[in-house]
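Thanks for asking me to look this one over. Here are my notes, point by point, with the cut-offs spelled out as they come up.

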Amino acid sequence: MKEKLAYLMGAIAIALFARNIYVISGLPQEVNQGAIFKIIFFHAPMAITAMYCSCVALFGSVMFLITKNFKYDALAVAVTEVGLGFLLANLVTGSIWARVIWGVWWAWDVRLTSALVCWLLYAGYLMLRRAIEEPTQRATFAAVFSIFAFLDVPLVYFSIRLFRTQHPGPVFFSSEGSFPKDWSAIFALNMLALTLLAAVMTIVRLGQENAQREIDSLRRTAHAI
Amino acid sequence: MGFFRQVLVVAAKDLRAEFRTKEAINASLAFALVILVLFSFAFDPLEETTRAISGGLLWIVFAFAGALLLNRSFTRELANDCLDALVAAPVSAAGLFLGKALANYVLIFGVELVALPVFGVFYNVHWTQFFWQLMLVLLLGNWGVTIIGTVFSALTVNLRLREVMLPMLIYPMLLPALAAAMQLTGYLVTGTPITKENISWLQMLAGFDVMFTAVSLVLIEHVLVG
C-alpha cells in the first residue's frame, strides 16, 4: 500500500514536471538574458528542495539521538542523499547559467560558495557513514555530524556574505521583483513537482535502507548460529 | 571532583603525555615549517601582493599543523583501551572533552607562537604592529579550530582512514572561523587595526566559538558514551 502510494506520487511528480517543461519551453525569451533565463524555473526550486532536505535530515538526526530509533537514522541518510543530488543539480544548472550570462563557469560569490561548502559538508556526512561499520556508532556519529553541519551552514553563508556578492537577488513574490504573476505560478508548480520528486526518492531510499538493515541483522544472526 | 578540576586533570594528563614523547608536537612544528618554506615557491615571498594574502597563508599553516595534533588527541588513548577507561572513569563526558580540548589548545597555540615569528622573518611581514589584537585573533581562531577538531577527533578515532577523514571533515566545517581569522590576520599584519569597519569578522569568530562550544558540550555525551 505504502509503496503503491509512493509510485503514484512519483507518477504525479513526473507528469507535473513534464507539463512544466512544456509550459516553460513555450514562454517568451527575456529581454536581457534570452532563453537561458528559463533555467531559473529549475535552478531555484532545486536549491529550495535541498534546503528542505537538510531540515528533514536535522529532524531525523535529533530524533535519532533522543529515541535511538533506527527509523530516524534511515530517514536522515535517505533525505541527505536526495538533498545532495538536488544541490548538485542546482550547482550544475547555476554553472551553466553563469557561463552564458557572466562568461565564467564559476564565480566565488556568496551563494555559490556557500552552496558548494554545504555540499562538501553533507558529502562528508556520507563519507563518515561509509567509514564506520558498527551500526549504532555509525548512526550516532552521523547524527552528531549532521547537527553540526546544519548549524554551520548559516555561519558559512554570513561569513562569505561579508565579501561582496554578485548573484542576482530573488525575483519572486518580492515587491522589487520583476517576475510576472503567472510566471510565479509556473515557478510554484515546478517547485511542487521537484518537492514531490524529492519526497518519492526519499521514500524509495528509505525502503532500501530498511531492507539493508534487515539483511545485515539476518547476516549477523546467521553468523551467530 | 568538581567539573573544572576534572577538566584540568585531563588536560594536564594529555600535556604530560605529549611532553614526555613530544611526537605530535615535533611532527606538527616540522610540518608547519615545511609548508612555510613550500609557500615561498608558490608565491614570490618578497612581493607586496604576498603580504596581502599572508593572513590566509598563515592560517592554512595553522589549520594543517593543527590537524596533525588533533589527530593524535584521541588516537593516543587507543592503546591498552585507555579511551574506555577514561570514559568509565568518574569524569563527565563534557569534562573529559573540555580537558582534551584545552590540551590541544595549548599545543596548537605553542606551534602558532613558533610559526608566527618564523613567518614574519621569511616573508618580511610586520606582525608585531598590532600585537595584542593579533593575539586576540589567534586565541579566538585557535579555539574554533580546537573545539571542532576535538569533537571530530573523537568521531573519527576508530576509523581506518582517520588521518585523511579528520581534515576532510573539519575544514569545510571550520570555514567561517578560518575565513574570519584569515581576514583579520591579513588586516593586522598589513597595518590596518580592528575598527568598526571590520569588527563584524571578530564578532563572527567569537560567535562561531561560543555556538560550537555550546553544541559540542551538549552532544559530546552521545559521541563518547553513546
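1. **Conventions.** This is a predicted model, in which local features need pLDDT of at least 70 and side-chain atom pairs count only at pLDDT 80 or more, while totals for chains, interfaces and linings use all residues. Residues are numbered from 1 along each chain as its sequence is written, and chains are lettered from A and ligands numbered from 1 in the order in which they are written.

2. **Chain A overall.** Chain A has six helices and zero strands, where helices (H or I, at least four residues) and strands (E, at least two) are DSSP runs numbered from the N terminus. Along the principal axes, its C-alpha atoms fill a box of roughly 70 × 45 × 30 Å. Of its 225 residues, 31% count as buried; a residue is buried if 20 or more other C-beta atoms lie within 10 Å of its own, exposed if 12 or fewer, and partly exposed in between, with C-beta atoms placed from the backbone. Taking the contacts in chain A between residues at least 6 apart in sequence, 76% join residues at least 24 apart. Two residues are in contact here if their C-beta atoms, placed from the backbone, lie within 7 Å.

3. **H3 against H4 in chain A.** The axes of H3(A) and H4(A) come within 10 Å and cross at roughly 145°. Axes are lines fitted to C-alpha atoms, for helices over the stretch in contact, and angles run from 0 to 180 degrees between N-to-C directions. H3(A) passes H4(A) in a left-handed crossing; that is the label if the near helix is turned anticlockwise from the far one by less than a right angle, and right-handed is the label if clockwise. Residues that meet include Leu84(A), Leu87(A) and Leu91(A) from H3(A), and Trp119(A), Tyr122(A) and Leu126(A) from H4(A). By class, this contact of H3(A) with H4(A) has 14 nonpolar, four polar and two charged residues. Ala, Val, Leu, Ile, Met, Phe, Trp, Tyr, Cys and Pro count as nonpolar, Asp, Glu, Lys and Arg as charged, and the others, Gly among them, as polar.

4. **Where the chains touch.** What does chain A bring to its contact with chain B? It places 23 residues in contact with 22 residues of chain B. Helix H4 (110–131) and helix H5 (135–161) of chain A are the elements that give two or more residues to this side, and H5(A) gives the most, with 14 residues. This side of chain A has 17 nonpolar, five polar and one charged residues.

5. **H4 of chain B and its two partners.** Helix H2 (residues 23–42) and helix H4 (residues 54–75) of chain B have axes that come within 9 Å and cross at roughly 155°. H2(B) is therefore roughly antiparallel to H4(B), the word used for angles over 145 degrees, with under 35 as roughly parallel, 65 to 115 as roughly perpendicular and the rest as oblique. The crossing is right-handed, and the contact has 14 nonpolar, one polar and one charged residues. On its other listed contact, H4(B) comes within 9 Å of helix H6 (residues 93–123) of chain B, axis to axis, at roughly 145°. That crossing is right-handed too, and its residues divide into twelve nonpolar, four polar and two charged. Val61(B), Ala65(B) and Leu69(B) are among the H4(B) residues that meet H2(B), and they are also among those that meet H6(B).

6. **Helix ends and positive phi.** H2(A), with 28 residues, reaches 40 Å from first C-alpha to last, close to the 40 Å expected; the expected span is 1.5 Å times one less than the number of residues. Lys68(A) follows H2(A) and has a positive phi near 60°. With 15 C-beta neighbours inside 10 Å, Lys68(A) counts as partly exposed. Asn80(B) also has a positive phi near 60°, sits in the loop between H4 and helix H5 (82–88) of chain B, and counts as exposed because it has 8 C-beta neighbours inside 10 Å. Most residues other than glycine have a negative phi.
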